[in-house]
Amino acid sequence: MTLTSPPPVRPAAPPPEVVAGRTPWLATVAAGLAVLLAAAPVSAVVQGPGWLLSASAAVGVVVGIGLVAALALPAGRSPAVTVALAQVAGLLVLLTALYSDDGVLGLFPGPAALGDMGALLAGAGAQIDTGTAPVPGTPEILFLVTAALGLLAVAVHLASVGASAPAAGGVPLLAAFAVPAALADDLLPWWTLAAAAAGFGLLLVAPDGNRRQLPGGIALVAGASAVALVVGLLGAFVGTAGRFDPDGGSGGGAGAIGLSPFTALRGQLEQSTPTELFTVRGLPQPTYLRALTLASYESGVGWQAVRPGPGVDAAGPLPAPLGPGTQADVAVENLGFRDYWLPLYGTPVATGGLPEGRWAYDEPSGIAYSARPAEQEAWSQRAFLPTPSAQDLRAAPLPGADGPGAIYANVLGVDPRVTELAQEVTAEAGTPFDRALALQEYFTGPESPFSYDLATAPPAGDDALVEFLTVGRVGYCEQFASAMAVMLRTVGVPARVAVGFTAGTVDGDARTISTSDAHAWVEAWFPGLGWTTFDPTPLTDGRAIVPPYVEEARAEAAAGGQAPQALPTPEQAPLPSATPDATTEDPLAGDVPTVADDGGVPLWPFAVPVVLAALLLLPMVLRARARRARTAAA
């Protein structure tokens, strides 16, 4: 009889949570921090810190429930889907507590609370459709950001912790970064890119709670992020970021009076430290530097850049200008501007320093452009600067067959209230020039109800142009130029919006133009004289340029001569309704959405979902501990 020895008993491997150097909750915390870091670009599209406070509460709920599962259950035994469902339930409780007064017991989402959330989502969509980034932190916007980042935190936790696939968690992180980055009008600050990179790196180096790999992983991620930032900064240029619609029509806009090709304007104006773009020599007087013009207006979409005609080579002979004017030889040195457009003064008579075939000049639009973004280091220009007098402009007839084209007179779809207001303002103006003056004074005169501010009023749900003219009355050059150009067209004066820069600041024998000089203004067409500049933006920082013919007309008005009459304010002349059968009650009357209080987020809604989730997970925890005890005894 042969005796066989029993197989050797191998000691069971210790649970991962007791392995030296490992911390089971580290991956859960890293997943939550990664979401908040990747969401840094939200600060470029939502005003104020309120979004960060509420989003931190939502991510904190998700992390808290994840910690309960990580600390109470053995690794590998945590049912990932069950934990994710508990996190979603906790998130719903938080949203109900923060954004609804109709929750069951004030916490639990019933039908009424879900209806409140649906209304908030609809309101956020309306504000996004009619606003321009950054939008005010209204309750609707804060709810949208909080819910979205909370759900993203659940997805990241499920992928990186539940499925042990931290690299897959980068997919929802990409959404947290890419969506606000796509909506932002300007290039994102460097720190948002660094924060997003740090978030993804943290997700990669802390997947299994091994503390020993953190220093090396953090150093590697930091080095890679630094290299990426340096490369990005070395290749960064500032431009208007304009784009042509591929089929030559108008493309999607950024709101009813938004300038979709003017995507970098607001970002340039909001820079705390302006970036120098051009050094100009030879300019005899302050003059606008035009980059492009916007001719196509689509109601509900805004001003769009249409593809210019093939034009002529900007380096060759150019068409002759119209009307009286002077010529100046101007030299421009490019310090950091790269775009499709070549900025020009007035009407170019000749250019120098341009390579043949790179830049085309389209006379009808006044645009010099290239097929792809380019950085023209320096160029010279013989500029024709129009000098019509107020008498010349008043003598100009109404545009006829020799006008600039039907596109510059199109008012299809413009709200009737805008037309009615324009006619009211220009009722005493007998010539097209006086109509333009009346509209400019309406926005910039001493009794004007309008004011300049980059923080525009939040939309209230009506036509955005009507809201600006009757409710908000606060904006920057984009709103003012857009509104005046539309109103000019409604009273028979062809008009377009010009985008570019003001005259900059004097620096010795030159002028320096920076991002703080980015601007938009109006150009109106007068037969025999061509495009003439008007600026309806009530600037108070000294950047405004008042053309001589406007000064002349104002002097005539002060002396009691021919000039626009006193203008009615909206309170004196209420606008009629846009629909014939509407009542006389102002459809825009009512409360405008207010910006949410950024004073802080209450702590109790943050704690309650975690406690509730812990109670839901308690039976599962007890079963897991009993199973562990039986395994240890065996």
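**Helix α14 against the sheet**

In this predicted model, helix α14 lies across β15, β18 and β19 and runs at about 10° to β18. Axes are lines fitted to C-alpha atoms, for helices over the stretch in contact (heavy atoms within 4.5 Å), and angles run from 0 to 180 degrees between N-to-C directions. Helices (H or I, at least four residues) and strands (E, at least two) are DSSP runs, numbered from the N terminus.

**The sheet and strand β15**

The open sheet has five antiparallel strands in the order β8-β2-β15-β18-β19; strands pair if DSSP finds at least two bridges between them. β8 (344–345) and β19 (530–534) stand at the edges with a single partner strand each, so one side of each lacks a neighbour in the sheet.

**Nonpolar cores**

A nonpolar core is a set of buried Ala, Val, Leu, Ile, Met, Phe, Trp, Tyr and Cys residues joined through side-chain atoms within 4.5 Å. In the largest, of 55 residues, Phe433, Phe443, Leu469, Leu488 and Phe534 touch the most other members. Helix α14 (residues 477–490) supplies the largest share, nine residues. A second, separate core of 40 residues includes Val35 and Trp51.

**Basis of the values**

Residues are numbered from 1 along each chain as its sequence is written, and side-chain values use heavy atoms, leaving out hydrogens and water. Local features need pLDDT of at least 70 and side-chain atom pairs count only at pLDDT 80 or more, whereas totals for chains, interfaces and linings use all residues.

Conventions. Buried < 20%, exposed > 50% of the residue type's maximum accessible area, 1.4 Å probe, protein only.
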